[in-house]
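Visitor: Could you take me in for a close look at one part of this model, and then show me what else is worth a look?

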Amino acid sequence: MAEQLQLDEIKVDQATYLVRNQVDMVRVSNYRGIIDLLPAVDVFDLPLGLTLVDGVHRYEAHLKDGRSTIKANIHQGTEVEALKFAYKANVSHGLGLTRYELKKARQEFFLLCYQENKNVSDKDVAIEFGCAAKTIGRDRQELIKKGVIDPPESEIRQHIKGSLQQDPTVSNRSMAESGGYPEPTIRRYRTGMEKSGEIMLETQRRGADGKVYQPQLVEETG
C-alpha cells in the first residue's frame, strides 16, 4: 500500500535509474495539471536509503509544484532487483521509450540477468522483460560480438577445436572472424585450452604475411 513520503526523504539517482536519455520537462508540466490523480512512484529501500526507481517525471512534477510529499510504494530488494524493476516499469507504462532507449533498456536488463546467472536462457529473460525470445537472442549475439559477454563455453571451445582440425596454423583473428567472436575472447580461451592440455601448443602460428613457419600439428590430447 502506498505511503506518503517526504520528497527530501527520497534519493534520486537519475544516472542509474533513469532509463530515458533525459527528463521530458513537457511531460513534467503536463503532470502538474493532474498531480493529484497520478499513481504512486516506486522506491526501493536500499543501503543508501529510499531510492526512486520509477516515477522521475511524477517526482519532478511534485517538486515543481511546491509539494513536500508524494505517494510512494516502498519495495525491499537488492540493487540489481531495483534496476530490473526500473527497466521493466519504464517499458510497460508512462512516456514511451524511443527505439534506442528501448534497445538499451532491454540489453541492460539482459546483462543484469546474465550477472545473476551466466547460463540464463533467452526465453527466461524474454518472459521476465516482456518481449520475444528471438529479440533477446539477437541482443545476446550483439553483446557477444562487442565482447561485452562471452558465448557459451562449450560453443567457443568446439569452435576452436573445429578450426584447428581444419587448419592447425589458423590465427586467432581468423577463428574470431569465422565464428563472429571478439579476438580477445578467442585468444583467452585458446591460451587456457593450451595450458590445460585440452589442445596442443603450437611452436609456430601463421605469420602476418600469411606464411607458415614450421608449424606443429595441433590436436586434442586425452
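Guide: Happy to! L48 counts as exposed because its relative accessibility is 66%, where exposed means over 50%, buried under 20% and partly exposed in between (1.4 Å probe, protein chains only). This is a predicted model, in which local features need pLDDT of at least 70, side-chain atom pairs count only at pLDDT 80 or more, and totals for chains, interfaces and linings use all residues. Residues are numbered from 1 along each chain as its sequence is written, and side-chain values use heavy atoms, leaving out hydrogens and water.

L48 sits in the loop between β2 (41-46) and β3 (49-54); strands (E, at least two residues) and helices (H or I, at least four) are DSSP runs numbered from the N terminus. From L48 to K11 the C-alpha distance is 8.3 Å, although 37 residues separate them in sequence.

Now for a pair of helices. The axes of α5 (residues 99-116) and α6 (residues 122-129) lie 10 Å apart, at an angle of about 125°, with axes fitted to C-alpha atoms over the stretch in contact and angles running from 0 to 180 degrees between N-to-C directions. α5 and α6 are therefore oblique to each other, the class left over after roughly parallel (under 35 degrees), roughly antiparallel (over 145) and roughly perpendicular (65 to 115).

On the α5 side, L102, A105, R106, F109, F110 and C113 meet D122, V125, E128 and F129 of α6, contact being heavy atoms within 4.5 Å. Of these residues, C113 counts as buried because its relative accessibility is 4%.
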